Amino acid sequence: MDPSYVTNLHTLLAQTVASDTALIKNATATLNQQYYKDPACIPALFEIIATSPDQNIRQLAAVELRKRIAQGDGKLWRALDASIRQQVKTKIFETILAEQVAIVRHSTSRVIAAIASWDLASNAWPELMPFLQQATSSPTAAHREVGIYIMYSVLETVIEGIKQQISSLFTIFTELIKDPESALVRITTVQALGVLAQYIEPEEKQYIKAFQNLVPQILAVVNENCAADNEAPARDGFDVIETLLILETPLLSKSIPALVEFCLTTGANKDISDEIRHMALNALNWTIKYKKSKIQSLNMGKAILEMLLPIGSEADPEDNDEDSPSRLAFRAVDALATVLPPQQVFPPLHQLVTQYMQSPDPGLRKAAMMAFGVTVEGCSEYIRPHMKSLWPLIDSGLTDPEAVVRKAACIAFACICEWLEEECAERHAILLPAILRLTDDEGTQQAACTALDAYLEILDVEIHQYLPTIMNQLTKLLSTAPVPVKCVVTGAIGSAAHASKAAFTPYFEATISRLQPFLTLEKEGEEQDLRGIATDAIGTLAEAVGRDKFAPYVPNLMEASFDGARKGSARLRECSYIFFGVMAKVFGEDFAPYLEHVMPMLLESLKQTEGGGDDTIDQIVKQNPDAFSTGDSAQEIIDITPEADNDPATAISVNSAIAIEKEIAADTMGTIFNHTRNHFLPWLEQCTLALIEQLNHYYEGIRKSALISLFQFL
């Protein structure tokens, strides 16, 4: 090896991590053009890993060496003389054992895995497995750590060449998972088992039994990291558990009770970080969903509920989008109610809710209300005949002395409104005044307005007698409430207009004068949300009061909607498009003058791409096959290490907001055509072609909207 070649390569690598942008750019270009296309870079990079005094350069060299060996079906690696390849394979063992820095060892392990991906299956590296067996049985813990990490890396990269070694791997893993000295050896063994599990077929009974025997030890290793509050290794362990849960091979079937107990116990442990508790409760949620038959056959619903509800009694963070142990506990309760027979869920839950509502602890009463609410969807038909006896629980929650309980009762009531409409509507004389009172309560204001919105959506003529009181209260809140509450209030006004229809007319002018200013809000975040909701609500007002009353406001409102659609927000464009559709419904052919402005916007939305390229699944898969790998062969395993350069999340970074915008745009085209008829003809061909292009879109909502609109064109 020419020493100057190695020296120059080392210098260029150092320049790529310098602070000078121009230097980085030039060095990267030189590396790509003059070195990384040359097979000689492989032994040179290895020499740098073995000799450089700078750990950052050794790390970078290892990352680049893995890429060079892996790229292009191993073209550069195979181009090397066999003696040079053998020299690298021989020396890399002593190099990795001598390396003192963990991240460099890990990256060097990936190099070994890359070489193994080409040489192991062809039996061109017979020394590898004996070395790994020797390293993993070494009396030196650091050597065992190296050995198991290499095994883990190799398993992630190649399986064909070691398929016949599975029995011996189980023997090795059985010892390493109980390593008395190194926690790193134990958790890396768990990770290696997680990869190995993906290659065990349902008919391989011997391997299934061997793996099942190791599951209790896997749980013990994950548990020890959770108990010690070691977040990173705990996350690695839960990743393995979730992998095992989604596999068809029944590797966990004998350990489901132990797994559920572990997740519940860890999720309830207030002495460890919330992050680890979240991991445990998320794993429980996956267990409920993927192992529902086992949980059902063992009748575990009652025991799970008894441990989840106390977790649900804990305080929640103010941010509604932030996870917390209590919120994840209710998510698990929801999962139970959704996947298990209702008779296994609601009777024990009813008993717990009744018991907790009598507790002096407001946290437990809050948990009772929330749990009741989240089970309604999955158990609605089971609950329906019993609602008369259950209403006192909700009534008690709505009048509880503690705001946290009243808020939870509002949330529960909103859930009941969605799934038990008739039962809710018939109690309007009791429920509507109770909810309206809570809209004046700062502690429950937003939740009460959300509940009111849900309730108004299901009321019909019953709303008329309450409309003066409702509108007086909502109008007041539009002036005094904070922006998040105004968002909910505005939605509730739309629901009131929808429910009362023409009876809303006396309140129209006062209401629209208050809502119109919201259509000029410019700030992102809450104000933008309010602008979108106000646009939707004003459209509902138009449908309620009719064209004659609404006509004077149309020019200004259309201009505001055009402005919103130009703001660069997919959400505001959605709201504007829905508003355009409503205007077409209300004004029919009189909407035609706006088509020249509206239709180009809709067509432009349909032309957008989500992510970096075309947005059909077939094309995304062709461009990024690894992102959709099923793991049928080891070459398809995705490298998810920090130094990996093939991130599937980046490759298929689909923008769901744009997808929904397209769905709305496609739907709006059909709506406008239906109501403007002949005036739409100049746009018919363009719209037809644009909609046909959406029929192969990956998102079902777009395909459905496009198809419905095309049928309307016929």
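In which helix do E64 and K67 both lie, and how many residues apart are they? Both lie in helix α4, which covers residues 55–70, and they sit three residues apart. That spacing is about one turn of the helix. This is a predicted model. A search of the whole structure finds 30 salt bridges. Side chains of opposite charge can pair when their charged atoms come close. Some of the pairs are set out below.

- E64 and K67 form a salt bridge, with their closest N and O atoms 3.8 Å apart.
- E64 counts as buried because its relative accessibility is 12%, under the 20% cut-off.
- E574 and R571 also meet through their side chains in a salt bridge, at 3.9 Å from N to O.
- Helix α32 (residues 570–587) holds both E574 and R571. They are three residues apart, so about one helical turn separates them.
- E574 is buried, with a relative accessible area of 11%. R571 is partly exposed, at 30%.

- R186 forms a salt bridge with E224, and the closest N and O atoms are 2.8 Å apart.
- This pair links distant parts of the chain, since R186 and E224 are 38 residues apart. R186 belongs to helix α11 (residues 183–197), and E224 belongs to helix α12 (residues 205–227).
- R186 is buried, at a relative accessible area of 15%. E224 is partly exposed, at 30%.

**A network**

- Salt bridges link E522, R531, D563 and K567 in a network.

Conventions
Residues numbered from 1 in each chain as written. Predicted model: local features only at pLDDT ≥ 70, side-chain atom pairs only at ≥ 80, totals over all residues. Heavy atoms only, no water. Salt bridge = Lys/Arg side-chain N within 4 Å of Asp/Glu carboxyl O. Helix = DSSP H or I, 4+ residues; strand = E, 2+ residues; numbered from the N terminus. Buried < 20%, exposed > 50% of the residue type's maximum accessible area, 1.4 Å probe, protein only.
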